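Reader: Could you walk me through a few residues of this model, one topic at a time? I would like plain answers that I can check against the picture.

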Amino acid sequence: MSAMNKAIVRRFNHQVIENCNRREFEMLVAQDFINHSAAAGQNKGREGLWHTFHNVLHPGLSSLQVEVLDQVAEDDKVTTRKRITGCHSGALLGISATGRAVSIDVIDIVRIRNGQYVEHWGINSLPSLLAALRSN
């Protein structure tokens, strides 16, 4: 089960985050999904998660790629350390394009049920990236 769950997370990272594929998102994220790491006041459900990729990351970052650096799986959870890279070629959370190469380091934990994401917890370096982009 651990190897299968790790493969599901890798598929999500490449098909959903990297390629912004809505069909894959529908297949991989359960209707009752909860994002425990959503910012205060943000949608913690599946549409809030899709919004992050479709309306925040992809408009702001071109050539977006996800590199899975490490994965550990136990029972129904997978922990992944990854790096999201791209070119800041569009507005990103109110910051105009700089043309700079950027990277966001992420560590997340996903609970899988029946081949789908049902819960997510995570930390990332997006706040630091935004601060660096604002200072230039």
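**Aromatic rings and selected residues**

Author: Trp50 is buried, with a relative accessible area of 8%, where buried means under 20% relative accessible area, exposed over 50% and partly exposed in between, using a 1.4 Å probe and protein chains only. This is a predicted model, in which local features need pLDDT of at least 70 and side-chain atom pairs count only at pLDDT 80 or more, while totals for chains, interfaces and linings use all residues. Residues are numbered from 1 along each chain as its sequence is written, and side-chain values use heavy atoms, with hydrogens and water left out.

Reader: How many aromatic pairs does the structure hold?

Author: The structure holds three aromatic pairs, a pair being rings of Phe, Tyr or Trp (its six-membered ring) with centres within 6.5 Å; planes under 30 degrees apart count as stacked, over 60 as edge-to-face and the rest as tilted. In one of them, the ring centres of Phe25 and Trp50 are 5.1 Å apart and the planes stand at 50°, so this pair is tilted. The pair links distant parts of the chain, since Phe25 is in helix 2 and Trp50 in helix 3 (residues 46-60), 25 residues apart; helices (H or I, at least four residues) and strands (E, at least two) are DSSP runs, numbered from the N terminus.

Reader: And Phe25, buried or exposed?

Author: Phe25 is buried, at a relative accessible area of 0%.

Reader: Which residues form an aromatic cluster?

Author: Phe12, Phe53 and Tyr117 form one aromatic cluster.

Reader: Switching to Cys20, where is it found, and what does it touch?

Author: Cys20 is found in the loop between helix 1 (2-18) and helix 2 (22-28), and it is buried because its relative accessible area is 17%. Leaving aside residues up to four places away in sequence, Cys20 touches Gln15, Trp50, Phe53, His54 and His58, contact meaning heavy atoms within 4.5 Å.

Reader: What about Glu24, which residues does it touch?

Author: Glu24, which is found in helix 2, touches Arg11, Gln15 and Val16, again not counting residues up to four places away in sequence. Glu24 is buried, with a relative accessible area of 8%.

Reader: Last topic, the backbone: what is the phi of Ser63?

Author: Ser63 has a positive phi of about 55° although it is not a glycine; Ser63 lies in strand 2 (residues 61-74) and is exposed, with a relative accessible area of 62%. Asp75, likewise not a glycine, has a positive phi of about 55°, and it sits in the loop between strand 2 and strand 3 (77-88), where Asp75 counts as exposed at 56% relative accessibility.
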